[in-house]
Every structure is written in structure tokens, then in C-alpha cells.
2 protein chains.
Amino acid sequence: MSEPTASTKERILEAAGDIFGREGFKAATIRRIAEAAHVNIAAINYHFRDKEGLYAAVLEHVFHLGFTRFPSRGGIETGMTPEQQLHVFIRGMFYRLLSSEGWFGYSGKGRLIARELLAPTPAFENILDRYIRPHKEFLTEILIAIIGRDPGPQILLPLAVSIIGQCIYYAFAAPVIKRITGDESPMEARLDQLATFVWQFSLGGIARITDDQAADRLQPQPPTTPSPTIKP
Amino acid sequence: MSEPTASTKERILEAAGDIFGREGFKAATIRRIAEAAHVNIAAINYHFRDKEGLYAAVLEHVFHLGFTRFPSRGGIETGMTPEQQLHVFIRGMFYRLLSSEGWFGYSGKGRLIARELLAPTPAFENILDRYIRPHKEFLTEILIAIIGRDPGPQILLPLAVSIIGQCIYYAFAAPVIKRITGDESPMEARLDQLATFVWQFSLGGIARITDDQAADRLQPQPPTTPSPTIKP
DNA sequence: GCGGCATTGAAACAAATGTTTTATTCTTTT
DNA sequence: AAAAGAATAAAACATTTGTTTCAATGCCGC
């Protein structure tokens, strides 16, 4: 519930973030958003021009909120080892994505993010440059510090994708994960635990990808391991 | 292009899979699907009752295709070590998700899958039980064989999620990954390379999560690593 | 060849929806 | 206090869209 003191504009943004996320841009209707925000339909067009204008504003609102409450570099101090920095970075991702203070995972806002990753709208260009690219750059810095040298983008980029992929998958496939694993405990209560797990898993992965024998292991494999069967 | 010999029903399923995936259930229109399939609008309602019926049929069609061409256990033989089995399993996921013989990643079919993970429709229940759950069970078997003992679901489930999450993230966030990393090379040409990378990364992760000191590392951390900053 | 059934084509319908218009109320400034 | 502009409310409009209807066409067994 949004407190009744919030301004019309804010109430619209909150309601729209939730509904756009749950239903998607096309399926969400101005009327439902207006109803949820306790606002007249025309107020939306008045404040945000049209549906697309509202959507762009919502996207900015949601990302601003997420990265203000949980900044990329939040909680990371200079005295920490690079490994500890990675821990805090990953935990920050989980809190930003899944906590109720952030995008709240499977709720509307969380799915709004996932929808943009899946099918970026024009309004997402801005967000990418302002929030996501710096976030990835920071992760790259941490990774170089952990490895102790710069292994080049051929290694750094997939490493970053593997680490971020684990976090995001938890957030965006939450309903299926819950359904498959049968785990009914609310994910928000396990954020620290999940973050520690992904952290340790990733440290192991980084080590194996960058140790002395890694170059051999990453070579194309001999025919011992055939391609997956294709039945045409 | 669907060859003109394909039956009406097949052409509708192909076109609908693509358009539903690109646009989502609500935004996709029967008229556009009919046009793309070179079919009259009424033919769709005739063959599939209504839009929901068509969607359910498309979902079944797409999953059947993916798991027929690239079965869960495809390419895995008894003589292989568990580690090699994991390699083939991961490569199978990449081919199923990203190759043009499978769901073709960012194309329509690939996004259809991702949309279901994100916001499952009622039609997805079936698919979960028939395709996804056995797939996950098989991965669990491989993991137990690699570890050499059964560490219990507390470890196995997050391990499975971390491994599958990496694969799926590559598929479903492809546009953003490409945009962020600036990598313009077509992903289909690098499937083996990506699979090998994720495989090695995961082997490292599994090792670190299940070695002798792992239990200590997974404990809640001392206040050396503070929570991410919250600015209310 | 013909009757019966399945399939396709074209038009019509009703509901939903983004947007605009016009009137009214609230707020601020002078 | 009056006036002007901002904000909200209610209704109307034009378009889109899922579905239905009904006639036309193709297909198959006798």
C-alpha cells in the first residue's frame, strides 16, 4: 500500500512499476494502473504524456530506487580483500534484486527488470549506460584484483556473465525454482545464505578458469565428449 | 520461411511460436500470426479453439522440438566420467537454448521459454513435470557422481541452480550481454566454447562448495563483510 | 458423380483500451 | 479577495482485437 500522503505522481509510478512488471507493457492497462494508484485516468496522461512516457519514467524510477538503496559499490571498503569485495558485490545484487527494500524479486518491480533484459525497450538504452555498464565495470575491477592480473576480455567477460547470471537467474526464475525444488521458504529470508553460496561457487570457478592448467582445459575437447544427440 | 508443403496447423504453430515469443502472449495478435502463417484468421480458432488453446499447443510444440532434437541425456554414454557427462549436459543446454536447430536463443522460440520461466502460464504446469523436472533430476545424478557422495538437497539444489542459471542467462539476456560486452560475433558460432567455459567454471565451483573446508566457508560471515549500504 | 464432412475465407460483432476533450476543483500569486 | 494556472474528474472517441457467423471450397467414401 502506498501511504495516502504520497503525491499523485509518486503513487502512479509505484502502481505502474508493479503492474507493468506483472503484466508487461502491452498487457498492462492505463485503467488498471489508475485504479491501483487511486487516480483518474487522465492524470496519467497529464503527468506522463502517454503510456510510453509513463513506462520510461517507471523504468528510471525503479532503477534509481534499486541503485540508490543498494549502490554498486555499497558496503565495499578499501581495506577489504578482493574476495571479500566480491562477496559484498554479490550480496548487493541479491538484496537489490530480491529484497523487499529493493526490487523484491518476483514482485512487479523485479519482473520489470527481467522483462527489459529479455526484450529491451527503447527506454532501456539510457539505463544500460547509466546503471548497468558501470556495475559491470566494477565487477571486472574486482575480478582482476582477485586473479592478480588482467586475463583479457576473453576470460573476464564470460566470468562476469557467469557470476551475474547466477544471481539474476535466482531472481527471475524464482517461481519455477520454487516449483521444481519444492522449497517453500521465502527467498528473502535466505538472501545472505544464497549470496554466500554463489560467492563460494564463483570463487571456485574463477580459480579453475584462471589457474595454470586452465588454458589446456578450455581448448576444444577431443571426441571423447561427443556432441549432444540430434534427431532430425 | 516455412515451406509451402507444411500443413496449415504446422505453419500456424511455427509462426505463433515466433510471434508469441517476440511479443508475449497479450501483445501477440491472432491477425499477425495468421498473416505470418499465410492462413485465415478463422483457421486458428478452428484448429485451436481460441488464443489460449493456440498458446498451449505452441508451448508443447516448442518444448517437444527442443527436447527431441537435444534430449536431456543426449550424447551421454555410460563409459564417460561424471565430469565429461556434465560437459555434454551443459553443451546440450546451450545447443537446445541457442542453436538454430533448437530454440535459437534470442529468436522467438527462445524468448518464449524465458517468458514462461519469468511468468509461468497455466499451460506451463504440464511442461514442468514432463520436461524440466526430469532434466533437473538428471543433472542432480551427475552432480552426485562428481562429488562422490550425496551432500543433500541443501547443497545439490543451489548447485543445480547455479549451473543452469549460467546457461539460461546467456540465452535470455543475449541482447544486453551483446550490448554491454560489445561482442558482435554471433553466439551460435561460440556455443562449444561457451559450454566449455561454463563447464570448467562449474567444476571449480562444485569443488569449492564440496571440499573439506567448504562447511566453514558457507557459515554466516563475521562482520568483516558488512551488508550493502542502504540509503533510506 | 454425389452427398457429407472437414476446412477455409470474408465479414460482422462486441468488448477493451489509449487518447482526447471539456468541465470542475484546487493552489498559488498578486 | 480575485485571477490565473495547475491538477483532477467524467465522458466521449477512434482503434484494435478476440471471437463468431455463415457462406464457399476442397476432400473422401460410396
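## The surface near DNA strand C

By class, 5 nonpolar, 5 polar and 5 charged residues form the surface near DNA strand C. Here Ala, Val, Leu, Ile, Met, Phe, Trp, Tyr, Cys and Pro count as nonpolar, Asp, Glu, Lys and Arg as charged, and the others, Gly among them, as polar. A residue is near the strand if one of its heavy atoms lies within 4 Å of it.

This is a predicted model: local features need pLDDT of at least 70, side-chain atom pairs count only at pLDDT 80 or more, and totals for chains, interfaces and linings use all residues. Residues are numbered from 1 along each chain as its sequence is written, chains are lettered from A and ligands numbered from 1 in the order in which they are written, and side-chain values use heavy atoms, with hydrogens and water left out.

Helices are DSSP runs (H or I, at least four residues), numbered from the N terminus. H3(B) gives the most, with 3 residues.

Of the 15 residues around DNA strand C, A:Arg31, A:Lys51, B:Thr8, B:Tyr46 and B:His47 come nearest. The side chain of B:Thr8 places an N or O atom 2.4 Å from a phosphate oxygen of DNA strand C. For the side chain of B:His47, the corresponding distance is 2.7 Å.

## The interface of chains A and B

Chain A and chain B each bring 80 residues to their contact, with contact meaning heavy atoms within 4.5 Å. The buried area is about 7,100 Å², and carbon and sulfur atoms give 69% of it. Buried area is the accessible area (1.4 Å probe) that two parts lose on being put together, summed over both.

Between the chains there are 4 salt bridges (a side-chain nitrogen of Lys or Arg within 4 Å of a carboxyl oxygen of Asp or Glu). A:Arg179 and B:Glu125 form a salt bridge at 2.4 Å, N to O. The side of chain A that touches chain B draws two or more residues from each of several helices, including H4 (51-69), H7 (124-147) and H9 (174-181) of chain A. H8(A) gives the most, with 15 residues. By class, this side has 42 nonpolar, 23 polar and 15 charged residues.

Definitions and conventions:
A polar contact is a pair of N or O atoms within 3.5 Å; within protein, one must be able to donate a hydrogen and the other to accept it, and residues adjacent in sequence count only if both atoms are side-chain atoms.
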